Amino acid sequence: MQQPVVITAPFGCLAIGTAGGVLESIRFLPGDSPLSAPAPGSFAAEVVHQLDAWFIDPEFEFSLPLRMNGSEFQRRVWQRIACIPCGQTETYGDLARDLGSVARAVGGACGRNPLPIIVPCHRVVATSGLGGFNQSTGRQTVGIKEWLLAHERRV
């Protein structure tokens with residue numbers, strides 16, 4: 001993987017990992033992280049362009065080649081998450097029933113999603129409340145989930 005590009009986002013910073021013209025990872029970083037702009041005309045620049053478009057319009061549809069490294073079960077969960085429409089949510093339990101699994105396993109797969117925002121794991125919530133986000137229930141990560149969901153509700 002090439003050196004990640006780091007950009008600002010409305011809720012902090014994002015590290016974008018690409019390799020060979022494929023998006024491999026998006027990671028949430030604190031807002032004071034050092035920035036690293038993509039090379040003009042690069043694939044990473046296109047990823048940034050599409051993320052910026054989504055920050056303006058949450059109904060923007062990404063068209064990027066993706067590499068989703070994970071177990072067969074994780075990839076099934078991520079594929080199912082990608083089907084949740086913008087502005088809507090489903091519970092971990094609902095997804096677990098659809099996949100013949102349990103909510104905790106679905107939550108684990110959500111937390112390991114290498115491409116949050118693109119594969120919208122923020123749309124998966126607990127039966128009562130938001131649940132965790134990005135392998136955490138900490139205020140910073142749950143705050144990002146709240147921002148993402150509020151952004152999509154503007155639609």
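Guide: Two strands count as paired if DSSP finds at least two bridges between them. This is a predicted model, and in it β1 and β2 run antiparallel, joined by five bridges.

Visitor: Which residue in β2 does T8 stand opposite?

Guide: T8 faces C13 in β2.

Visitor: What is the order of strands in the sheet?

Guide: The order is β1-β2-β3, an open sheet of three strands with antiparallel pairing. β1 and β3 each have a single partner strand and stand at the edges, so one side of each has no neighbour in the sheet. From one strand to the next, the twist averages 25°.

Visitor: Which helix packs on the sheet?

Guide: That is α1, which touches β1, β2 and β3. The direction of α1 makes about 140° with that of β2.

Visitor: How should I read a nonpolar core?

Guide: Start with the general idea: in soluble globular proteins, nonpolar side chains tend to be buried together. Here, the largest nonpolar core has 36 residues. The members that touch the most other members are F11, L14, L51, I81 and I117.

Visitor: Which element gives the largest share of this core?

Guide: α1 does, with six residues. Elements that supply at least two residues each include β1 (5-9), β2 (12-19) and β3 (22-29), as well as α2 (72-81) and α5 (139-153).

Visitor: Why does this core lie between domain 1 and domain 2?

Guide: Both domain 1 (5-56) and domain 2 (72-153) give residues to the core, so it lies between them.

Visitor: What does I81 touch, leaving out residues up to four places away in sequence?

Guide: I81 touches L95, C110, V119, P120, C121 and V124.

Visitor: How do I tell which side of a helix is buried?

Guide: Look at where the buried residues point around the helix axis. In α2, Q74, V77, W78, R80 and I81 are buried. They cover an arc of only 160° around the axis, which puts them on the same side of α2. E72 and Q79, on the other side of α2, are exposed.

Visitor: What do the buried residues of α2 pack against?

Guide: They pack against β4 (90-91), α3, α4 and β5 (124-125).

Visitor: Which residues of α3 are buried?

Guide: Y92, G93, L95, A96 and L99 are buried in α3. Seen down the axis of α3, these fall within an arc of 160°, so they line one face of the helix.

Visitor: Which residue follows α3?

Guide: G100 follows α3, and its phi is positive, near 65°.

Terms used
Residues numbered from 1 in each chain as written. Predicted model: local features only at pLDDT ≥ 70, side-chain atom pairs only at ≥ 80, totals over all residues. Heavy atoms only, no water. Core = buried A, V, L, I, M, F, W, Y, C linked by side-chain atoms within 4.5 Å. Buried < 20%, exposed > 50% of the residue type's maximum accessible area, 1.4 Å probe, protein only. Helix = DSSP H or I, 4+ residues; strand = E, 2+ residues; numbered from the N terminus. Domains from an automatic or database assignment. Contact = heavy atoms within 4.5 Å. Arc of directions from axis to C-beta. Axes fitted to C-alpha atoms, helices over the stretch in contact; angles between N-to-C directions.
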